[in-house]
Amino acid sequence: MNVTMKLMATSCLTLTATMAFADGHMADEMTIVSWGGAYSASQKNAYHDPYSEKTGVKIINDESSSEAVAKLRAMNEAGNVTWDVVDVVASDAIRLCDEGLAMEIDADTQLADGDDGSKASDDFGDLLVSDCFIPQIVYSTTVGYRTDLVGDTPPTSICALFDTDTYPGKRSLEKQPIGNLEWALICDGVAKEDVYDVLETEEGQAQAFAKLDTIKDSAIWWSAGADTPQLLADGEVIMGSTYNGRLFALIEEQKQPVAMLWDAQVFDLDGWIIPTGLSPERQARALDYIMFATDTQRLADQAKYISYGPARKSSAPLVGKHATLGIEMAPHMPTDPNNAKNTFLYNYEWWADYRDDLDAKFQAWLSK
Amino acid sequence: MTSTDGAFVAFDRVQKSYDGETLVVKDLNLSMPKGEFLTMLGPSGSGKTTCLMMLAGFETATHGDITLDGVSINNIPPHKRGIGMVFQNYALFPHMSVAENLSFPLEVRKIGKSAREEKVMRALDMVQMGDFAGRRPAQLSGGQQQRIALARALVFEPELVLMDEPLGALDKQLRETLQFEITNLAHELGITTVYVTHDQTEALTMSDRVAVFDDGRIQQLAPPDELYEQPENSFVAQFIGENNTLEGVVQEIKGNTCIVKLDSGDIIDAVPVNVNNVGDRTKVSIRPERVEFNRERLHDDAHTLKAEVLEFIYMGDIFRTRLRVAGTDEFVIKTRNAPDQERLKPGQMIEIGWLPQDCRALDA
Amino acid sequence: MSEPVIAADGRPLKASLNRALRRQKMRALALIAPLLIFILVSFVMPIADMLFRSVENEIVSETLPRTVAALDAWDAGSGETPDEDVFNALYTDMALAVEYKSHTRLGSRLNYETTGIASLFRKSGRRVGKFDTDVYTKAFQDADPRYADPQQWVAWMADDSIRAKLPMTTSAYDDWAKMIVEAENDVPSEEEPWDFVYSALYNDAVSGAELPVSVDVSGITPVSLRTAFGDIDDKWLNPNVWRTIKTYSPRYTDGYFLNSVDLMKGAEGVEARPENEQIYITLFIRTMIMSLSIMGMCVLLGYPIAWLLANLKDRTANLLMILVLLPFWTSLLVRTSAWKVLLQQQGVINDILVWIGIVADDNRLELINNQTGTIIAMTHILLPFMILPLYSVMKTIPPSYLRAAKSLGATNWTAFWRVYFPQSVPGIGAGCILVFILAIGYYITPELVGGTKGVFISNRIAYHISSSLNWGLAAALGTILLTIVMVLYWVYDKIVGIDNVKLGG
């Protein structure tokens, strides 16, 4: 028993040490949780630094967004929430809201109006997918391919993913049902607007999995956003899905022989939530920050550093040039009309219901 | 090769170096007849264990030849040499019972089960351990383990047995009993034995011959009595038994005797052993029990020295008296506890002397 | 010895001894107390919590207490939607739950069992306040203004005889009052009761109860809550949803455990999950087999290295030891990325093999994103855990054993196999236990290099902890894993004996 006890004791020690580090919030500090990397850097430049300058509040950046849901729940159960504002994807925001872990926010009274005078609820429009969620950026999950490995006819449609005859070779796909099942159906002849109706039925699910079966042997499944760009750069795959910002960096910054498709790309949102259980002062400050960081100008500013589209309609005209590359950013935005000709709208509500079920089926399918 | 002809075990100009710079064994020559009990005695680092290991095959000689029964064994791996060996800490296999330990050498020799069991029992009876066949080594006392180790080394009936300080970890009384048992057994079975120890008493009591090792060489190879009484150099004299040393210069050599002038100016008689010329420096060695202070028992013409008694120690069977003689405080004499024996008192001034043949002038 | 021995102070010797020993024990206890408390807090309690979570299911009966009670009378096998009483209860429960914002939590909980309940509850929560039940409120308040007086309500609800006559109203009012204080920070004596309290009052009245101020309820057109809920979503009329609620209404459930072994609670008791959802048994078996393979690889690779370490000179051994420990000093992600670079199809190893000509360029080996990848990477990571105990055990085996064996006539191999190996078994045992236990709990490496067939059960546990928030299922999976480990440990103890495990010395 000795051995196991020692091991477990050690891991527990580390755990408690991490927890002990927790509280100790200073009056002029706030902890903002995000995804890290270039994304956090863009937020620092566009939001954090100007906010600190304006108010004197020091912002601590925590890079735990990928496990935010679980951590928030654990903090909530322990009654000690140490985060003030958290950056999460829309589906996580819905889950957090359902679980009562994120506070509800009234867009019109608690967020800034648009520069053009529109009410916040109109400015964000449909993107306010949850009562607790303040959208920040629009991003797309789309497909990038190696221009040198696809032959003379570069792919133009998302269905190239399933066309192993024309484009033999490995393709990387995200290791989750969301996105993949929809693409499978679209490429199996289901109209875009019918996708979720079809996917709701057993037959529709079977149809989607059958379509995925055709490329199962040539698929590499990724779980981290950096995987596909790396696989593309190494020539390990000839095409693969990832976030459009990652592909932008791969193409424009690293100058890899890669191009991207703007076809049936899955629109998704990323934004802020404020955890429940904050003291009134911290909550007020978090709201103040949100009000500041999601106004028209600030959202447009972020696009200078990363190719994700601002969530406000009123920000679109203000998007300028990339801060270091100097190229015009608007054409690289998922929201740009040229790119958004054939987008696929991801149905959050539907996935909130079907995720548990389809994920089990997806995992079972993967392991067969 | 003449010196090793007809010998059972022979070392012929064997050298051993571990690092290529220094020799641990320097030019070793040794030959043993069959059935001899030979002890390699010496301080640690003197090369005796290395010699044993070369014989066993765990070390290879850097130069020279080792032969067993006339055959060179330099290139024969240890397991084919058929030499029994008893290790310092017995090296009984802890995961095997006593019987399994003994049966191991028989098994690897592919001896049938019934023959094996019989030999094992015989070997155990030989060391009076017949009742312990089922025990694990850890359940045995040190002495018992030693007996088993001995039995294991003998069970496959080797002609040569090597023992590497086998009694080192035992208490005195047990050691003495086992010394006796081992010699008896070796002689009874007619086995040739090479025994390594740093305990001179053990060497003297057990061996047919003793090889005294120092600095990678055999300093003297002789039967125990000769070794004790006629040490050939000062190292042997010092190493074997207790010994008084006086330093001086040879003044005169007359055949079998010589006169030595000590550094204190005193003159004594001695047997010249390895001094050759007048004027050589020498270390004179006298055994404490050969020193006489009763004038009547000395020759009339014997040289005597003045001595002051420093300490008198009563040791039961003998008295040990420390004296100041010729400038040294470490001169010891031993006298038997006989009824008429005088007990010296500290501070007492006496005169001491010895028979010239008991005083050996050795190398300085 | 019939007389007790008396100590010097006249007490029985035994008592004195006990007293002296007790003081000693207390002191020893005080010394280990910090550790004991630490282990209790950081180890025993989390495990107990995990065991508890795997069966805990209070959320249903706590959020929908009236509905659960009302569902008692409903036959789940009937294929019929429950009657109006159940919907009345649901209405009150929902109205309260919305204020506590607990209905969506319950929705996600039940969504694990039946797809669609999450949005059903979310949607219903938004609409439940807008039901037409305000007709009751109006009717009562119009009939007598005292029904609109908060003070009067407080007075009535303090009267035991009234409470006894109006069971539904009492229960609804009590919970409403509690909610007003807890969720709204108001006082019941200043707030007019909400619609659902009047609905309960109406239902009491209809069932013939005597009202504090009599009102003729026959004139009120009843509002069908069944229809109202059905209007929100026709899933409410689907007996399946109700069966799920009823099945999971007890405070404790074996549902998570059933789910963990690919079973579920069906209409007629426990049944197998549909084949396209079965995954956990496969994963458990795969986790075991792969952990055993990793353990085997570690023994094969670690044994010679440990032997070398134990037999080299100290200086060389220390240098080699640093190489062995290197994996400890590099971050897990760096190591795993390094393996990717090495093992991928366009990676270093494949490049070399192609260059040598062992494999064809168009037929490169798949060394990563499958089980091979997981086994290679995990063997590398866990190798030190095998080498260290092996090394420390081998260090204690004197070289004289091997010499003795050889002098007794054994060849090198026999000497090793019969004499050295058996003595190193405790080290192998310790290493195997360490590696195996660590391996079955690993999930980051399998996730990164395991592809689809090289992932472990721990990956699913991590998913349920961090993504789906199905902690009950994660806890059940974890409990099963813990049980498997303990059973294997027991088996190991029976076969090898746990005393035969040495980490060193």
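**Chain contacts in a predicted three-chain model**

Tutor: In this predicted model, chain A and chain B do not touch, and their nearest C-alpha atoms are 23 Å apart.

Student: Which chains share the most contacts, then?

Tutor: Two pairs of chains are in contact, and chains A and C share the most contacts of these.

Student: How many residues does the contact take from chain A and from chain C?

Tutor: Chain A contributes 37 residues and chain C contributes 40 residues. On chain A, at least two residues each come from helix 1 (2-20), helix 3 (68-78), helix 4 (90-98), strand 6 (219-222) and helix 14 (348-367).

Student: Which of those gives the most to the side of chain A that touches chain C?

Tutor: Helix 14 of chain A does, with 14 residues. The side of chain A that touches chain C comprises 17 nonpolar, seven polar and 13 charged residues.

Student: Turning to chains C and B, how many residues does the contact take from each?

Tutor: That contact takes 15 residues from chain C and 18 residues from chain B. Helix 20 (399-407) and helix 21 (412-441) of chain C are the elements giving two or more residues to the chain C side. Helix 20 of chain C supplies the largest share of that side, six residues.

Student: What is the make-up of the side of chain C that touches chain B?

Tutor: It divides into seven nonpolar, six polar and two charged residues.

Note on methods:
Residues numbered from 1 in each chain as written. Chains lettered and ligands numbered in written order. Predicted model: local features only at pLDDT ≥ 70, side-chain atom pairs only at ≥ 80, totals over all residues. Contact = placed C-beta atoms within 7 Å. Helix = DSSP H or I, 4+ residues; strand = E, 2+ residues; numbered from the N terminus. Nonpolar A, V, L, I, M, F, W, Y, C, P; charged D, E, K, R; others polar.
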